[in-house]
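Subject: Structure handover

Hi,

Here is the structure for you to look at. My notes follow below it.

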Amino acid sequence: MKKTFILAISLITPAIFTVTAQDTDKSKWKDMEIDFPKPMFVGTPVAAKLPNLDKSKKPRLVLKAPAGSENLALDMEVTSSDPEPIIGDLDMICDGDKDGADGSYTELGPGKQWVQVDLEEEATIYGIVVWHFHKNARAYIDVVAQVSNDPEFKTGVVTVFNNDHDNSSKAGVGKDLAWIETNHGRIFDVEGKKARYVRLWSNGNTANEMNHYVEIEVYGK
Ligand SMILES: [Ca+2]
Ligand SMILES: [Ca+2]
């Protein structure tokens, strides 16, 4: 009786262990192959006057996630607080084109605006990569990234990035840093949170009051 019980456990356990170990043991996570576009500007960026600006010169290039993770946002539907962008359209935000040139970015209206990607079903998300605009140097203000299963973002909202240092956007005081946009975009860790929707906020940038997106990627399973 006892032997049978142990045998049954030993048969079941390896399969369960393999699945959880791969997804939760970060030492086994792989580097995602992020395809960075060509740089659009060279030289010293204009200093953006923000108190929480990331001054490090080394761009982060690596997002780690379990094997089998991929960009789930590609060609998914994008909605926005500004449904009729001034330049471009919302479909361009998840179309795989990350070029910095005119014709590849979407411009939303001034002030606080959001864009939202619908992954079509709940996914386990490990990272978000955003390229706002990389034609010339600037930093976007009050960048907040959230995930939720609620398309209205009223319930179950988890904030995964927030650089709104003075809480002017009322999502809480953000401890993350603002950054000068380049072709490397910005990688946010999401640590395996489960959600269907991804929402990114911004409140203009250091060059003007407008909000821009070249591309958003969401890595997960
Ligand atoms: Ca694009
Ligand atoms: Ca702020």
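First, a definition: buried means under 20% relative accessible area, exposed means over 50%, and partly exposed is in between (1.4 Å probe, protein chains only). By that scale Glu191, at 42% relative accessibility, is partly exposed.

Some conventions. This is a predicted model, in which local features need pLDDT of at least 70, side-chain atom pairs count only at pLDDT 80 or more, and totals for chains, interfaces and linings use all residues. Residues are numbered from 1 along each chain as its sequence is written, chains are lettered from A and ligands numbered from 1 in the order in which they are written, and side-chain values use heavy atoms, with hydrogens and water left out.

Calcium sites

Donors here are N, O and S atoms within 2.8 Å of the metal (3.2 Å for Na, K and Ca); water is not among the atoms, so sites may look incomplete. Helices (H or I, at least four residues) and strands (E, at least two) are DSSP runs, numbered from the N terminus.

Start with the calcium ion (ligand 1). Its donors are Met92 (O), Asp95 (OD), Asp97 (O), Val214 (O) and Glu215 (OE), at 2.2 to 2.4 Å. Their spacing along the chain is M-x2-D-x1-D-x116-V-E. Met92 sits in the loop between strand E4 (77–80) and strand E5 (106–108), and Val214 in the loop between strand E10 (211–213) and strand E11 (215–220); the pair is 122 residues apart and links distant parts of the chain. Both Met92 and Val214 are buried.

Now the calcium ion (ligand 2). Asp142 (OD), Asp142 (OD), Asp164 (OD), Asp166 (OD) and Ser168 (OG) coordinate this ion at 2.2 to 2.8 Å. The donor residues are spaced D-x21-D-x1-D-x1-S in sequence. Asp142 is in the loop between strand E6 (112–131) and strand E7 (144–148), and Asp166 is in the loop between strand E8 (158–162) and strand E9 (186–203), so the pair ties together parts 24 residues apart in sequence. Asp142 is buried, at 6% relative accessible area. Asp166 is partly exposed, at 47%.

Salt bridges

A salt bridge is a side-chain nitrogen of Lys or Arg within 4 Å of a carboxyl oxygen of Asp or Glu. The whole structure has 9 of them.

- Lys26 pairs with Glu191, with the closest N and O atoms 2.5 Å apart. Lys26 lies in the loop between helix H1 (2–24) and strand E1 (30–31), and Glu191 in strand E9, so the bridge ties together parts 165 residues apart in sequence. Lys26 is partly exposed at 46%.
- Arg186 meets Asp54 at 2.7 Å, N to O. Arg186 is in strand E9 and Asp54 in the loop between E1 and strand E2 (64–65), 132 residues apart. Arg186 is partly exposed at 21%, whereas Asp54 is buried at 19%.
- Asp189 meets Arg60 at 2.9 Å, N to O. Asp189 is in strand E9 and Arg60 in the loop between E1 and E2, 129 residues apart. Asp189 is partly exposed at 33%, and so is Arg60 at 35%.

Surface charge

Glu120 is in strand E6 and is exposed, at 54% relative accessible area.

Best wishes
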